[in-house]
Amino acid sequence: MMRAVIARDKVLRMVERAVPVPSGSEVLVKVAYAGVNRADLLQKDGYYPPPAGASDVIGLECSGTIVALGNEAHKFRVGDRVAALLKGGGYSEYVAIDQRCVGKVPDNMKLSDAAAIPEVWTTAYQLVHRISRTRATDTVLVHAAGSSVGLAAVQLASSTGASVIATARTDAKLEVAMQLGAVAGLKPSWTEETVTRFEVKPVDVILDPVGAKYWDANLNALATDGRWVVYGSLGGVRVAGVDLGLMLRKRLSIYTTTLRSRSLDYQGALFTDAFDEVVPKIVQGEFKNRIFEQYNLEAVEEAHACLKDNRNIGKVVLKVGQSN
């Protein structure tokens with residue numbers, strides 16, 4: 001048996017579950033650390049149920065050691081230290097994952113650091129490279145830049161040569177975003193007029209987990225042919241009085257995206273591309289994989305409170321088992 005965390009009646013509960021048995025191309029990972037994501041809070045509150053067929057155990061990313069292989073899993077060996085992108089199951093002592101969503105962790109990287117990579121950096125990679133297709137000539141506005149995904153997006157966008165403007169709630173979060181590549185920072189009260197203060201051209205790309213709250217300011221800030229990627233709705237989902245005329249005049253493109261509900265083929269290919277690009281740059285110090293706080297699995301409620309209260313600047317991880 002193993003320990004695992006599920007949500008029931010909007011409360012996190014530690015339960016005992018049978019250890020999964022890997023089948024086909026799955027590997028069984030003994031989990032050392034699990035990343036905590038805002039999606040986990042939504043699942044706890046009943047707003048983000050796992051996809052059909054996925055584990056009801058919370059957790060979208062983890063790191064650990066492979067302890068068993070399915071009969072068609074030939075990419076890894078028992079004993080390999082790995083990180084994995086999950087549809088669920090991270091907050092448990094063991095998890096079975098298809099090998100397509102697993103990456104080998106370098107010997108000189110801690111498993112606590114590796115657990116902060118799969119969901120965060122794959123999401124940011126998707127936003128910057130797959131959806132917005134950010135270019136060196138772009139000005140990019142990254143909302144919620146103090147979050148783990150926001151900080152990853154700032155670095156990925158900056159690495160293309162683009163000029164990045166960050167928004168965040170506090171000066172401390174903006175300071176970190178600018179240390180990691182943003183050329184300027186704005187508080188939540190920003191308007192399109194404040195963007196024009198900076199010596200950059202109008203905004204070409206917006207990476208937005210906020211949604212409705214910033215609708216009007218985003219529309220006004222975007223340049224002609226701007227690309228707006230919505231990947232969350234922290235500021236609401238309904239917008240009154242939408243001005244389609246302005247959108248048409250500017251020829252704006254609005255994209256929406258999620259990662260968890262994507263097919264395994266899509267997730268595996270995206271994760272592999274992101275992992276293979278990002279991990280060497282983290283090891284070399286070119287990218288910073290910022291861990292804000294670490295909690296034991298028994299303190300999972302405290303870890304969730306850290307995110308809910310917006311205290312974190314970067315990633316919160318859970319220590320699940322013994323690490324190497």
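**Note on pockets, a cavity and helix packing**

1. In this predicted model, β6 provides 5 residues to the lining of the second largest pocket, the largest share from any element. The strand β6 covers residues 94-98. Alongside β6, helix α9 (264-284) also gives two or more residues to that lining.

2. The second largest pocket holds about 410 Å³ of space. Its lining is made up of 23 residues, and those nearest the centre are Glu26, Ser55, Gly88, Ala96 and Ile97. Sorted by class, the lining of this second largest pocket has 13 nonpolar, 6 polar and 4 charged residues.

3. Next comes the largest pocket, with a volume of about 1,300 Å³. A total of 49 residues line the largest pocket. Nearest its centre lie Arg38, Ala39, Ser147, Pro209 and Leu234. The class count for this lining is 22 nonpolar, 16 polar and 11 charged residues.

4. Which elements each supply at least two residues of the lining of the largest pocket? They are α1 (38-44), α3, α4, α10 (300-308) and β15 (315-319). Two of these, α3 and α4, return in the points below on the cavity and on helix packing.

5. The structure also holds 1 cavity of 30 Å³ or more. About 60 Å³ of space lies in this largest cavity. Its lining consists of 13 residues, with Ser148, Leu151, Lys288, Asn289 and Arg290 nearest the centre. The elements giving two or more residues to the lining of the cavity are α3 and α4. Of the elements, α4 gives the most, with 4 residues. By class, the cavity lining has 6 nonpolar, 4 polar and 3 charged residues.

6. How do α3 and α4 pack? Helix α3 spans residues 118-131 and helix α4 spans residues 148-159. Their axes are 8 Å apart, and the angle between the helices is about 45°. The two helices are therefore oblique to each other. The crossing of α3 and α4 is right-handed.

7. The contact between these helices can be read residue by residue. On the α3 side are Val120, Trp121, Thr123, Ala124, Tyr125, Leu127, Val128 and His129. On the α4 side they meet Ser148, Val149, Ala152, Ala153, Gln155, Leu156 and Ala157. The contact of α3 with α4 has 11 nonpolar residues, 4 polar residues and no charged residues.

8. The axes of α3 and α9 come within 9 Å and cross at roughly 100°. That angle makes α3 roughly perpendicular to α9, whereas α3 and α4 are oblique to each other.

9. In this second contact, α3 contributes Pro118, Trp121, Thr122, Tyr125, Gln126, His129 and Arg130. From α9 come Tyr266, Leu270, Phe271, Asp273, Ala274, Glu277, Val278 and Ile282. By class, the contact of α3 with α9 has 9 nonpolar, 3 polar and 3 charged residues.

Notes:
Residues numbered from 1 in each chain as written. Predicted model: local features only at pLDDT ≥ 70, side-chain atom pairs only at ≥ 80, totals over all residues. Heavy atoms only, no water. Axes fitted to C-alpha atoms, helices over the stretch in contact; angles between N-to-C directions. Parallel < 35°, antiparallel > 145°, perpendicular 65-115°, else oblique. Left-handed = near helix turned anticlockwise from the far one by under 90°. Contact = heavy atoms within 4.5 Å. Nonpolar A, V, L, I, M, F, W, Y, C, P; charged D, E, K, R; others polar. 1 Å grid on protein atoms, 1.4 Å probe; cavity = no way out; pocket = protein on both sides within 12 Å on 5 of 7 lines; lining within 4 Å. Points joined across faces, edges and corners; volume = space filled by probe spheres on them.
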